[in-house]
Amino acid sequence: MKKPKWDEYFMKLATVVRDRADCTRRKVGSIVVKDFRIIATGYNGTPRGIKNCSEGGCLRCRRRDKGEIDSFEYEESCVCIHAEQNAIIQAAYLGISTKGGTLYSTTNPCSSCAKMLINAGIIRVVCKIEHHDEGGIELLKRAGVIVEIMKP
């Protein structure tokens, strides 16, 4: 059996992390890696102590699932945290620096996540293009972050 290349290996692990996501619309998994070691993982969902989306924890998600609002309406009112954000938050919570790290994500970071990744010191992002906000990719590139797109 052929050993997977590092990017394939870490993307497979991000896919496993994605299985923990509780979003009713899109599941995303992310991991931060330094020196070929996973330092943090994240998946999208509600903050600690808040009911999961599938349990009605996010009013916006409930309204969207019922068809009361369109997919991209009222995004700012969503209480869910993106996988990329959760990964860098987990590292901060544990006191682990993300400076110089690589983020692997099962979808491309949105613009908000891109800003956080830049300021968290992430120097490389490996992802798949699946999110509607591709502006994050351009923002990362403008900041000098290496972006590599893997085929889905």
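Modeller: Helix 4 is followed by Gly 121, which has a positive phi, near 85°. Helices here are DSSP runs of H or I of at least four residues, and strands are E runs of at least two, numbered from the N terminus. The model is predicted, so local features need pLDDT of at least 70 and side-chain atom pairs count only at pLDDT 80 or more, whereas totals for chains, interfaces and linings use all residues. Residues are numbered from 1 along each chain as its sequence is written, and side-chain values use heavy atoms, with hydrogens and water left out.

Within helix 4, the buried residues are Cys 113, Ala 114 and Leu 117 (buried: under 20% relative accessible area, with a 1.4 Å probe and protein chains only). Because these residues fall within an arc of 100° seen down the axis, they line one face of helix 4 (the arc is that of the directions from the helix axis to the C-beta atoms). An α-helix has 3.6 residues a turn, so residues three or four places apart point the same way. The cover over the buried residues of helix 4 includes helix 3 (83-93), strand 3 (102-105), strand 4 and helix 5, where contact means heavy atoms within 4.5 Å.

Helix 5 (residues 135-142) in turn buries Gly 136, Ile 137 and Leu 140. They cover an arc of only 105° around the axis, which puts them on the same side of helix 5. Their cover includes helix 4 (111-119), strand 4 (124-127) and strand 5 (146-149). After helix 5 comes Gly 144, whose phi is also positive, near 85°.

Methods: Buried < 20%, exposed > 50% of the residue type's maximum accessible area, 1.4 Å probe, protein only.
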